[in-house]
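We will go from one stop to the next.

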Amino acid sequence: MDFTLNDEQELLRGGLTRFLATRYDLEKSRAAAKSGPGWQPDIWRAFAEELGILGAALPEESGGIGGGPVEMMLIAEALGHALVIEPYVDTAVVAAGLLRRGGGDVAAALLEQIVAGTAIVSLAATEPTSGEFWQDVRTTATRDGDTWVLSGEKIVSAGTPLAGHVLVTARTSGEPAGTDGISLFLIEISSASEGFELHNYRTVDDRRASDIVLDGLRLPGSALIGAEGGAWPSLAQARDEGAAAISAEAVGCMRKVLADTVEYCKQRQQFGQPIGSFQVLQHRMVDMYMEVEQAAAAVLLAILKLDGEEADRAKAVSAAKATVGRAAQFVGQQAVQLHGGMGMTEELAIGHYFKRLTALQFEFGSTDHHIARYGRLTTG
């Protein structure tokens, strides 16, 4: 496949890569993740004000640049290479996509704030009984005059501890596991008190997530985003966009892990010579390289299909997510083994990348989930 970036895309990738290389410090990032606020607000502002990446893939009417999936891929891969913990995918890809397709004045105003870097928005779509199926929604929303009343539970809502708003799926009609009758509601966290509980925690890969309890939470009528009961097509697209974005992020992670492993094997001495001179280890690194390149090709195909027909999009995304999942497991494990005991410590970057690569295998659908979905889509 002949794929060439245009001048604007090259500038985007080059500018972001230089910024991250000079201004994004891994040690400072880990400190913010482990004992600080969980992210670096100054970096997020720079993403918006200096680089414009928060709106690079969003339409011009929202203040964005008017790019698309390719721009999103370039950004996500660069962020993965630098192991950025700020919630780009959660906010600028998943939540922004839902708001853009939902429409309305509330969504439009919030989109502009996302582009400006003044708003972080997350999505709460998974529930204790739903597993990997976002359409299995037991949270309910009922009308009461001009308000909505929400009750239910959401789990592992990524980025919510950092967010000012959270989008929540709730059933307004239909059967519990059906795609009809699912609606999307916007909650302003600071104004939600009675009937709203957040339980925040740090994940294994140093991200922040929340479990949410809704117990008769009242929301104004304007909290409904999009058509009542018609949120599923947008949610399905958002999940595929999120899966494609983190797959691109994983490619960036793996490229960095491979480069660090090759460099380490050139320096580490055993029996009076670098371990990288041993043929069996060279073969391992070649296998790592092949896995990375296969994953990158699968991600590119998925990116090019994101704006296409739903069936083509879903099949390409599942193929990419499954390929990336296999590659992330192999590359991460081989990198840790080739680094020896140091590979699992907090002192080397490789240990942090390994945790992220492990977590990425399960976000927006696990490897097994996407293998099964790809099988269903290809066999009819």
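What volume does the largest pocket have? About 790 Å³ in this predicted model. To find its centre, select Asp90, Val156, Ala158, Glu363 and Phe364, the closest to that point among the 40 lining residues.

Now colour the elements around the largest pocket. Helices α4 (69-81), α5 (88-102), α7 (232-267) and α10 (349-360) each supply at least two lining residues. So do strands β1 (121-124), β3 (147-158) and β7. By class, the lining has 22 nonpolar, seven polar and 11 charged residues.

Move to the second largest pocket, with a volume of about 590 Å³. Select Glu77, Ala78, His81, Gly252 and Arg255: of its 25 lining residues, these are the closest to the centre. Two or more lining residues come from each of α1 (7-23), α4, α7 and α8 (279-305). Domain 1 (7-119) and domain 3 (232-379) each give at least three residues to this lining. Its classes are 16 nonpolar, three polar and six charged.

Next, select residues 123-214. An unreviewed UniProt entry annotates this span as "domain: Acyl-CoA oxidase/dehydrogenase middle". The span is 51% strand and 0% helix, and its end C-alpha atoms lie 14 Å apart.

Last stop: strands β6 (residues 196-202) and β7 (residues 208-220). They run antiparallel, joined by seven bridges. Find asparagine 200, which stands opposite serine 210 in β7. Then step into the turn of this hairpin, where five residues separate β6 from β7. Aspartate 206 sits there, with a positive phi of about 65 degrees.

Notes:
Residues are numbered from 1 along each chain as its sequence is written. This is a predicted model: local features need pLDDT of at least 70, side-chain atom pairs count only at pLDDT 80 or more; totals for chains, interfaces and linings use all residues. Side-chain values use heavy atoms; hydrogens and water are left out. UniProt positions are given in the numbering used here, feature names are shortened, and annotations may be inferred rather than shown by experiment. Helices (H or I, at least four residues) and strands (E, at least two) are DSSP runs, numbered from the N terminus. Two strands pair if DSSP finds at least two bridges between them. On a 1 Å grid over the protein atoms alone, a cavity is a set of points where a 1.4 Å probe fits but cannot get out, and a pocket is an open set with protein on both sides within 12 Å along at least five of seven lines; lining residues have an atom within 4 Å of a point. Grid points are joined across faces, edges and corners, and a volume is the space filled by probe spheres set on the points. Ala, Val, Leu, Ile, Met, Phe, Trp, Tyr, Cys and Pro count as nonpolar, Asp, Glu, Lys and Arg as charged, and the others, Gly among them, as polar. Domain bounds come from an automatic or database domain assignment.
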